[in-house]
Amino acid sequence: MVLPSLSEGGANVISEAIVAGVPVLASRIDGSVGLLGRNYPGYFSVGDTAALARLLHRIETNPEFLSRLRRAIARRAHLFRPERERAAWKKLIGEVAPKP
């Protein structure tokens, strides 16, 4: 999956790709880095289509690079489990909602 955003606060499509085990190539913006991690190997600079093309070519020709992306995605998948999201919402609501 490619996400060439100029400025995205944290695209749902990234979390969906992670849960589905789909490797991501993304522009290096704060929202993507927050979801994929600082050391994720699939970043390219905003607007750098040549770098994106190199990454796409690398995925097609270098099975180890594709495996590296898949491993990196797998390490993040636990962050996007529905039960974790429910627990985070419950905690947040508990912090901001008045107690009875």
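Is Ser 27 buried or exposed, and what is its relative accessible area? Ser 27 is buried, with a relative accessible area of 0%; buried stands for under 20% relative accessible area, exposed for over 50% and partly exposed for values in between, with a 1.4 Å probe and protein chains only. The model is predicted, with local features requiring pLDDT of at least 70 and side-chain atom pairs pLDDT 80 or more, whereas totals for chains, interfaces and linings use all residues. Residues are numbered from 1 along each chain as its sequence is written, and side-chain values use heavy atoms, without hydrogens and water.

Ser 27 is part of strand S2; helices (H or I, at least four residues) and strands (E, at least two) are DSSP runs numbered from the N terminus. Its side chain reaches the backbone oxygen of Ser 5 at 2.5 Å. A polar contact of this kind is a pair of N or O atoms within 3.5 Å; within protein, one must be able to donate a hydrogen and the other to accept it, and residues adjacent in sequence count only if both atoms are side-chain atoms. Not counting residues up to four places away in sequence, Ser 27 touches Leu 3, Pro 4, Ser 5, Ser 32, Tyr 43, Phe 44 and Val 46, contact being heavy atoms within 4.5 Å. Ser 5 lies in the loop between strand S1 (2–3) and H1 and is buried, at a relative accessible area of 11%.

Helix H4 (residues 63–76) has 14 residues, which at 1.5 Å a residue should span 20 Å; the end C-alpha atoms are 20 Å apart, in agreement. The expected span is 1.5 Å times one less than the number of residues. Phe 65, Leu 66, Leu 69, Ala 72 and Ile 73 of H4 are buried. They cover an arc of only 120° around the axis, which puts them on the same side of H4; the arc is that of the directions from the helix axis to the C-beta atoms. Pro 63, Ala 74 and Arg 75 are exposed on the other side of H4. The packing partners of the buried H4 residues are helix H1 (12–20), strand S2 (25–27), helix H2 (30–36) and helix H3 (49–61). At the N-terminal end, H4 is capped by Asn 62, with a side-chain oxygen 3.0 Å from the backbone nitrogen of Glu 64.

H3 has 13 residues and reaches 18 Å from first to last C-alpha, close to the 18 Å expected. Ala 51, Leu 52 and Leu 55 are the buried residues of H3. Their arc of only 100° around the axis puts them on the same side of H3, while Thr 49, Arg 54 and Glu 60 are exposed on the other side. The cover over the buried residues of H3 includes S1, S2, S3 and H4.

Arg 58 lies over the face of Phe 65, at 3.9 Å from the ring centre; the criterion is NZ of Lys or CZ of Arg within 6 Å of the ring centre and within 35 degrees of the ring normal.

Arg 38 is in the loop between H2 and strand S3 (43–44) and counts as exposed at 66% relative accessibility. Leaving aside neighbours within four places in sequence, Arg 38 is in contact with Arg 28, Val 33 and Tyr 43.
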